[in-house]
Amino acid sequence: VFQQPNLLASLTAREQLVLAAHVAGARGKELARARARADELLAQVGLENCADRRPHQLSGGQRQRVNIARALMNRPHLLLVDEPTAALDHARSHSVMELLADLTHTFGLASLVVTHDTEFVPLADACVSMQDGHLDAEQATTASGRVAATVA
């Protein structure tokens, strides 16, 4: 999931997701199933009424949710998320981070989220801090306070 959604201006929200399936090799009946999956994912991120809108018709938060849905399109086991709230206001930032936490659990994914905003640490199952390019083992704690990782 990119910091900026990087959506194609000429494609609708649904088409952004279907394109991800097409690039992954979906053809024929698989593309029909991809359209249905795209609609399901758009509903899961709260955009069921925006499937036919193009990026310029969406708010920043909506574009980021399309970005997240697109990342989920091909059923990954791991989401890599780069500063997903950098271009969003405070309220939209919270909704996007809560959505990421919810989807991670719903789909049984591992998600690695990079953020400078420590406000979102409570939403994480585990947190590792990096200072000057080094992981800080003392900061590697889970929400319950246990160490989640150690650094040798």
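## A buried arginine

Leaving out neighbours within four places in sequence, Arg37 is in contact with Leu72, Met73, Arg75 and Phe107. Contact means heavy atoms within 4.5 Å. The model is predicted: local features need pLDDT of at least 70, side-chain atom pairs count only at pLDDT 80 or more, and totals for chains, interfaces and linings use all residues. Residues are numbered from 1 along each chain as its sequence is written, and side-chain values use heavy atoms, with hydrogens and water left out.

Arg37 sits in helix α2. Arg37 is buried, yet has no salt bridge. Buried means under 20% relative accessible area, exposed means over 50%, and partly exposed lies in between, with a 1.4 Å probe and protein chains only. A salt bridge is a side-chain nitrogen of Lys or Arg within 4 Å of a carboxyl oxygen of Asp or Glu. The nearest side chain of opposite charge to Arg37 is Glu40, 4.6 Å away. For charge, Lys and Arg count as positive and Asp and Glu as negative, while His and the chain ends are not counted.

## The overall fold

The protein chain has 4 helices and 4 strands. Helices (H or I, at least four residues) and strands (E, at least two) are DSSP runs, numbered from the N terminus. Along the sequence the pattern reads α-α-α-β-α-β-β-β.

Of the 152 residues in the chain, 34% are buried.

## Helix α2

How far apart are the end C-alpha atoms of helix α2? They are 23 Å apart. Helix α2 covers residues 29-44, and at 1.5 Å a residue its 16 residues should span 22 Å, which agrees. The expected span is 1.5 Å times one less than the number of residues.

The buried residues of α2 are Leu31, Ala34, Arg37, Ala38, Leu41 and Leu42. Seen down the helix axis, they fall within an arc of 135°, so they line one face of α2. The arc is that of the directions from the helix axis to the C-beta atoms. These buried residues pack against α1 (13-23) and α3 (60-72). On the other side of α2, Lys29 and Arg33 are exposed. After the helix comes Gly46, with a positive phi near 80°.

## The nonpolar core

In soluble globular proteins, nonpolar side chains tend to be buried together. Here the largest nonpolar core has 33 residues. Such a core is a set of buried Ala, Val, Leu, Ile, Met, Phe, Trp, Tyr and Cys residues joined through side-chain atoms within 4.5 Å. Leu17, Val66, Ile68 and Met73 have the most contacts inside this core. At least two of its residues come from each of α1, α2, α3, β1 and α4.

Take Val66. Apart from neighbours within four places in sequence, Val66 touches Leu7, Ala13, Gln16, Leu17, Leu42, Leu47 and Leu58.

## Salt bridges

How many salt bridges does the structure hold? There are 3. Arg14, Asp39 and Asp52 are linked in a network.

Asp52 lies in the loop between α2 and α3, and is 38 residues from Arg14. Arg14 is partly exposed, at 22% relative accessible area. Asp39 is also partly exposed, at 32%. Asp52, at 54%, counts as exposed.

Arg92 forms a salt bridge with Asp89, and their closest N and O atoms are 3.5 Å apart. Arg92 is partly exposed, with a relative accessible area of 37%. Asp89 is partly exposed too, at 39%.

## A buried glutamate

Glu83 lies in the loop between β1 (78-82) and α4 (90-106). Is Glu83 buried or exposed? Glu83 is buried, yet has no salt bridge. The nearest side chain of opposite charge is Arg70, 16 Å away.

Which residues does Glu83 touch, not counting those up to four places away in sequence? They are Gln3, Val114, Thr115 and His116.
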